[in-house]
Amino acid sequence: MTWTVAPEPYDSPVAAALWRAYYTEVSDRWYLLHEGRRTDPDELEREIAEQPGADLAPPGGQLLVARYGGEPAGTAGVRLLDDTTAELTRVFLHEPMRGKGGAALLVRAAEDTARGLGARRMVLDTRGDLVEARALYTRLGYEETAPHNDDKYAEHWFAKHLT
């Protein structure tokens, strides 16, 4: 089986299904850690509706979808914050696809996309409980830095110069 990564419209059925899986996982992890419960279904629907991903559409952004053996397996999004800085967001792989090289491939494709949009620096945020994500970003050359946003769930911020 092989990986492919390609742009995907943020509002396609594939993107919507991957976004739902992403949000369900990260939300459930947060609520289980902090409140001992899973995400309320109504809250999930509100959050998905509030963040449809339109900022991940050209010309200022792009959603990428990774496929493994032709099947949708994950996403990564890029959006420009200014003329030279892009933000990496929505990095996700379905759990059975993890450990097969897809996450690094997605992040590198996102970096290439950011360069194509004119960015020279990529930033991102993540949470403390997402230890796998923090390990991935560190392995790929991202360094922890000062906050670049005030996202209420962000606990760690990273940056990388794109050369």
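Predicted model: local features only at pLDDT ≥ 70, side-chain atom pairs only at ≥ 80, totals over all residues.
UniProt, in an unreviewed entry, lists residues 17–163 as "domain: N-acetyltransferase". That span is 36% helix and 29% strand, and the C-alpha atoms at its ends lie 33 Å apart.

**Helix α4 and what follows it**

- Helix α4 runs over residues 131–139, and its buried residues are Ala133, Leu136 and Tyr137. Viewed down the axis of α4, these buried residues fall within an arc of 95 degrees, so they line one face of the helix.
- The packing partners of the buried residues of α4 are β4 (85–93), α3 (102–116), β5 (121–126) and β7 (156–161).

**Aromatic pairs**

- The model has eight aromatic pairs, counting rings whose centres lie within 6.5 Å.
- One of them joins tryptophan 3 and tyrosine 68: the ring centres are 4.8 Å apart and the planes stand at 50 degrees, so the pair is tilted. This pair links distant parts of the chain, with tryptophan 3 in strand β1 (residues 3–8) and tyrosine 68 in strand β2 (residues 61–68), 65 residues apart. Tryptophan 3 and tyrosine 68 are both buried.
- Tyrosine 137 and tyrosine 142 form an edge-to-face pair, with 5.9 Å from centre to centre and 65 degrees between the planes. Tyrosine 137 has a relative accessibility of 6% and therefore counts as buried. Tyrosine 142 is also buried, with a relative accessible area of 3%.
- Trp19, Tyr22, Tyr23 and Phe92 are linked into a cluster by ring pairs.

**Charges over rings**

- Arginine 90 places its charged end over the ring of tryptophan 19, 3.7 Å from the ring centre. Tryptophan 19 is also a member of the aromatic cluster named above.
- The charged end of arginine 37 sits over the ring of tyrosine 31, at 4.0 Å from the centre of that ring.

**Arginine 67**

- Arginine 67 lies in strand β2, the strand that also holds tyrosine 68.
- Its side chain makes a polar contact of 3.4 Å with the side chain of glutamate 8.
- Apart from neighbours within four places in sequence, arginine 67 is in contact with Thr2, Trp3, Thr4, Glu8, Val14, Pro72 and Ala73.
- The C-alpha atoms of arginine 67 and aspartate 129 are separated by 26 Å, and the two residues are 62 residues apart along the chain.

- Threonine 126 lies in strand β5, one of the elements against which the buried residues of α4 pack. Its relative accessibility is 6%, under the 20% cut-off, so threonine 126 counts as buried.
- Beyond neighbours within four places in sequence, the contacts of threonine 126 are Ala133, Arg134, Tyr153, Ala154, Glu155, His156 and Phe158. Among them, Ala133 is one of the buried residues of α4.
- Arginine 127 is in the loop between β5 and α4. With a relative accessibility of 8%, arginine 127 counts as buried.
- A polar atom of the arginine 127 side chain lies 2.9 Å from the backbone oxygen of valine 26.
- Not counting residues up to four places away in sequence, arginine 127 touches Val26, Arg29, Trp30, Arg134, Tyr153, Glu155 and His156. The contacts of threonine 126 also include Arg134, Tyr153, Glu155 and His156.

Conventions:
Residues numbered from 1 in each chain as written. Heavy atoms only, no water. Buried < 20%, exposed > 50% of the residue type's maximum accessible area, 1.4 Å probe, protein only. Helix = DSSP H or I, 4+ residues; strand = E, 2+ residues; numbered from the N terminus. Arc of directions from axis to C-beta. Contact = heavy atoms within 4.5 Å. Phe/Tyr/Trp six-rings, centres within 6.5 Å; stacked < 30°, edge-to-face > 60°. Lys NZ or Arg CZ within 6 Å of the ring centre and 35° of its normal. UniProt positions renumbered as here; feature names shortened; annotations may be inferred. Polar contact = N/O pair within 3.5 Å; in protein donor to acceptor, adjacent residues only side chain to side chain.
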